[in-house]
Structures are given as structure tokens and as C-alpha cells.
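Subject: Structure handover

Hello,

Here is the structure I promised to pass on. Please open it alongside this email. My notes follow below.

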Amino acid sequence: TLAERLAAHPRVRMLEPMSYDRYAALLTEGGVALDLMARNAERELAYTTRTVVYLAAGLPIIHDDYSELGSVIARAGAGWALDPADRPGLARLLDAILAGREDLAVRAAAARRLVETELNWERTIAPLADFCRAPAFRPGKTVARLAFEERARRLAEVERTLDAARRDLATLRGKRWVRWGLAAASRGAWLRWPAAAAALMVGLALIPVFWLNDRLTGKNMGT
């Protein structure tokens, strides 16, 4: 496994679980933090806590150049922002660090200053705390939500209209003259049109009878 390979590597030191305070103290013994990840959707959106902990410990960071945190680190001079696919560039940077051509003390001071001025708890938590005290939808969010609710309302209205049309169709199919017409139209092709015409004539003649029957039935049901 990867853990077994790392444990057997002569330049890797495996550590047991420890408290945060001990971990933070251990970080101060380092020179540079390597936090360079291949690009993916999760990495583009991530704002990792461990990276901020490295900065607070005074560790200049080799970070990716595509995320928000990478640009913050590079702008503050608290590390380097590289393309993870640029292997020659990473090799040149590591050579410069190991050869002492990079002033790590200056970058370490910049890392601590970045945490103190921009990534401190008060500044990072304040927007969330303010929102929790007075939660509200963003203007654009409200418009989108109202549009969604309007679409849902219109869909429900269309479904009600469709249900009503289905009920009316079922009622219409229950009429005798409609059944006769459908039956006639379903016969052989050569009889279809004469039968349909005959059914239409009979249906038209019986409409007053059926209408009067429906009226009388409706009155009886209402009493």
C-alpha cells in the first residue's frame, strides 16, 4: 500500500496521532510546505484549513496556481503558486530552495503576516457570524427563487387543467352518441365514412333528448 511504501522510504517520517498544539509546534521545525495538488473541481473550490495552519506556523507553501488560496499566497509573497503539471518548474524551484537561492525567512514572515492580517479568525468568521445574526437571501437568489416558485405554480395549474380535460373526455366518451360514433368509425375502411355520417345524423337528432335528460338528471341530483 501507499502507507507501507512511505513508511519504508528513507526520507519519510511517519508520525502517530497527536494533539493540535503538538502538531502546530512540530510544523515550526519545517522549512517549506508542499501543498501542490493536481487540478480538479474539488481542488478549485477548496480553501483548505491545513494550508492556513502551515502559513500560521511560518511555513512558505508551494501551492497550485489555479485556486483562490494559491493566488492569495503568491500575492502576499508567502510561498509560490505553480501549475501542478509543470514538473520542470517544480524541479527548478526545489533546486533553488535546497541550494539556498530562495530567502525562506522573508517568505516565512510573509506567511505569518498573511494569517494575522487576512486569514485570522475574526476576519474569516465575521461574514458568517453576520449572516447568522441576520440571515437573508441575496437579491439574485430571491429572484431565482421566485422564478422557480412561479414555474412550480404554472406547472401545477397545467396539471389541474390536464386533469379537468381528462375528466371531461371521460364524460364525453360516456355519452351514447359518442360511443356510437366511435364504434362506427372503428369499422372497416369502406364503411367508416358512411357509418360516421349516419352516426352523426343520429347523434344530432338525439342531442335535444340527451340534453333534456342531462338537465333533468342534474336537477334531481341537486334536490
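Which helix gives the most to the lining of the second largest pocket? α4 does, with four residues.

First, the ground rules. This is a predicted model, in which local features need pLDDT of at least 70 and side-chain atom pairs count only at pLDDT 80 or more, while totals for chains, interfaces and linings use all residues. Residues are numbered from 1 along each chain as its sequence is written, and side-chain values use heavy atoms, with hydrogens and water left out.

Pockets

A pocket is an open set of points on a 1 Å grid over the protein atoms alone, where a 1.4 Å probe fits, with protein on both sides within 12 Å along at least five of seven lines. Lining residues have an atom within 4 Å of a point. A volume is the space filled by probe spheres set on the points, which are joined across faces, edges and corners. Helices are DSSP runs of H or I, at least four residues; strands are runs of E, at least two; both are numbered from the N terminus.

The second largest pocket holds about 340 Å³ of space. Its lining has 13 residues, and Thr49, Val52, Leu119, Trp121 and Thr124 lie nearest the centre. Besides α4, helix α8 (121-133) supplies at least two of the lining residues.

The largest pocket has a volume of about 410 Å³. It is also lined by 13 residues, with Arg13, Leu15, Leu26, Leu27 and Gly30 nearest its centre. Helix α2 (residues 20-27) gives the largest share of that lining, three residues.

Core

A nonpolar core joins buried Ala, Val, Leu, Ile, Met, Phe, Trp, Tyr and Cys residues through side-chain atoms within 4.5 Å. Buried means under 20% relative accessible area (1.4 Å probe, protein chains only).

The largest core has 18 residues, and Leu55 and Ala78 touch the most other members. α4 (49-56), α5 (68-76) and α7 (104-117) each give two or more residues to this core. Apart from it lies another core of six residues, including Leu36 and Leu93.

Strands

Two strands pair if DSSP finds at least two bridges between them. β1 (residues 33-35) runs parallel to β2 (residues 61-64), joined by three bridges. There, Ala33 partners Ile61. β2 also pairs with β3 (residues 79-82), in the parallel sense, over four bridges. His63 has Ala81 as its partner in β3.

Best wishes

Technical notes: Buried means under 20% relative accessible area, exposed over 50%, partly exposed in between (1.4 Å probe, protein chains only).
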